[in-house]
Amino acid sequence: MKPLQIHQLRSIYDMMSLRGKAALITGGAGGIGRSCAAGLAEAGASIVLMDIPEKKEMLQDNCRAIAGRYQAETMYVTGNVADEDHVNRMIGEAYEGMGRLDIVFANAGVGGNDDNPVQIQLSEWKKVIDINLTAFW
């Protein structure tokens, strides 16, 4: 295969563009989720932010800020990533709202309440594992 000549190369911006794609970001109310969503929006993606219901107001604020700065289509969904029924519902809502779903950034995560592993209760351990490892499997 003969290498392409410079005038035949496509723009790196076009090759890396996410225009026409939709991304679902879990943990979208927090700093990492918000920042990654902003980066995906800047690259052209439509954004669906997801977090627990208690963070609905922050999701709304983040959606407004991302839409305003990047002119991206945004929406949010709420639920618990450790609950399979919630995950199925949120994916359905995201797909219905955007008409497609191309990217999932499974960013949601929690830490344990105790730094001493001997004192961590089994219920706390299961919660951390369900959210950090099993969610969106």
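Ala23 counts as buried, because its relative accessibility is 0% (buried means under 20% relative accessible area, exposed over 50%, partly exposed in between, with a 1.4 Å probe and protein chains only). The model is predicted: local features need pLDDT of at least 70, side-chain atom pairs count only at pLDDT 80 or more, and totals for chains, interfaces and linings use all residues. Residues are numbered from 1 along each chain as its sequence is written, and side-chain values use heavy atoms, without hydrogens and water.

Ala23 sits in strand E1. Helices (H or I, at least four residues) and strands (E, at least two) are DSSP runs, numbered from the N terminus. Ala45 is 22 residues away from Ala23 along the chain, yet their C-alpha atoms are separated by 6.4 Å.

Strand E1 spans residues 22-26 and also holds Thr26. Thr26 is buried, at 1% relative accessibility. Its side chain reaches the backbone nitrogen of Ala108 at 2.7 Å.

Turn to helix H5, residues 122-134. Its buried residues are Glu124, Val128 and Ile131. Seen down the axis of H5, they fall within an arc of 75°, so they line one face of the helix. The arc is that of the directions from the helix axis to the C-beta atoms. An α-helix has 3.6 residues a turn, so residues three or four places apart point the same way. Leu122, Ser123 and Leu133 are exposed on the other side of H5.

Helix H1 covers residues 12-16 and includes Met15. Met15 is partly exposed, with 43% relative accessible area. Together with Ile12, Tyr13 and Met16, Met15 makes a nonpolar surface patch of about 500 Å².

Now the cysteines. The whole structure has zero disulfides (a disulfide is a pair of cysteine sulfur atoms within 2.5 Å). Cys36 is partly exposed, with a relative accessible area of 30%. Cys63 counts as buried, at 7% relative accessibility.

Terms used
Patches are made of residues with over 30% relative accessible area and no salt bridge: like charges are joined within 9 Å, nonpolar side chains (Val, Leu, Ile, Met, Phe, Trp, Tyr) within 5 Å. Accessible areas come from the Shrake-Rupley method with a 1.4 Å probe; for residues, only the protein chains shown count as cover. A salt bridge is a side-chain nitrogen of Lys or Arg within 4 Å of a carboxyl oxygen of Asp or Glu. A polar contact is a pair of N or O atoms within 3.5 Å; within protein, one must be able to donate a hydrogen and the other to accept it, and residues adjacent in sequence count only if both atoms are side-chain atoms.
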